[in-house]
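Have the sequence and the 3D view open side by side.

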Amino acid sequence: QPRPGAATMASNVTNKTDPRSMNSRVFIGNLNTLVVKKSDVEAIFSKYGKIVGCSVHKGFAFVQYVNERNARAAVAGEDGRMIAGQVL
């Protein structure tokens with residue numbers, strides 16, 4: 001059980017193939033992963049809902065939300081945003 005005020009990192013699991021998981025997952029392309037780390041991705045995308053999983057790869061990332069509504073809000077809010085000199 002996380003303590004109040006303790007930072008909780010999301011798991012690295014973003015590859016579940018059940019439809020509910022897939023619909024609540026966001027692909028983040030054209031990400032400057034030399035500069036942007038997992039903690040940064042979580043900080044940027046956590047305002048749209050609870051993140052249960054986050055994985056960062058070379059040039060892209062996935063964020064797994066609890067539900068599809070969160071994922072849709074994140075896509076609408078962050079598409080075209082510039083982060084670390086690259087447009088998402």
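A contact here means heavy atoms within 4.5 Å. The model is predicted: local features need pLDDT of at least 70, side-chain atom pairs count only at pLDDT 80 or more, and totals for chains, interfaces and linings use all residues. Residues are numbered from 1 along each chain as its sequence is written, and side-chain values use heavy atoms, with hydrogens and water left out.

Start with Y65. Leaving out residues up to four places away in sequence, Y65 touches S24, V26, F45, Y48, G49, K50, I51, V52, N70, A71 and A74.

Y65 also belongs to the largest nonpolar core, which has 18 residues. Such a core is a set of buried Ala, Val, Leu, Ile, Met, Phe, Trp, Tyr and Cys residues joined through side-chain atoms within 4.5 Å. Buried means under 20% relative accessible area, exposed over 50%, and partly exposed in between (1.4 Å probe, protein chains only). Among the residues with the most contacts inside this core are I28, V41 and F45.

Now turn to the rings. Rings of Phe, Tyr and Trp (its six-membered ring) pair if their centres lie within 6.5 Å; planes under 30 degrees apart count as stacked, over 60 as edge-to-face and the rest as tilted. The count comes to three aromatic pairs. The F27 and F60 rings have centres 5.7 Å apart and planes at 35 degrees, so this pair is tilted. F27 is exposed, at 53% relative accessibility. F60 is partly exposed, at 27%. The F60 and F62 rings have centres 5.9 Å apart and planes at 85 degrees, so that pair is edge-to-face.
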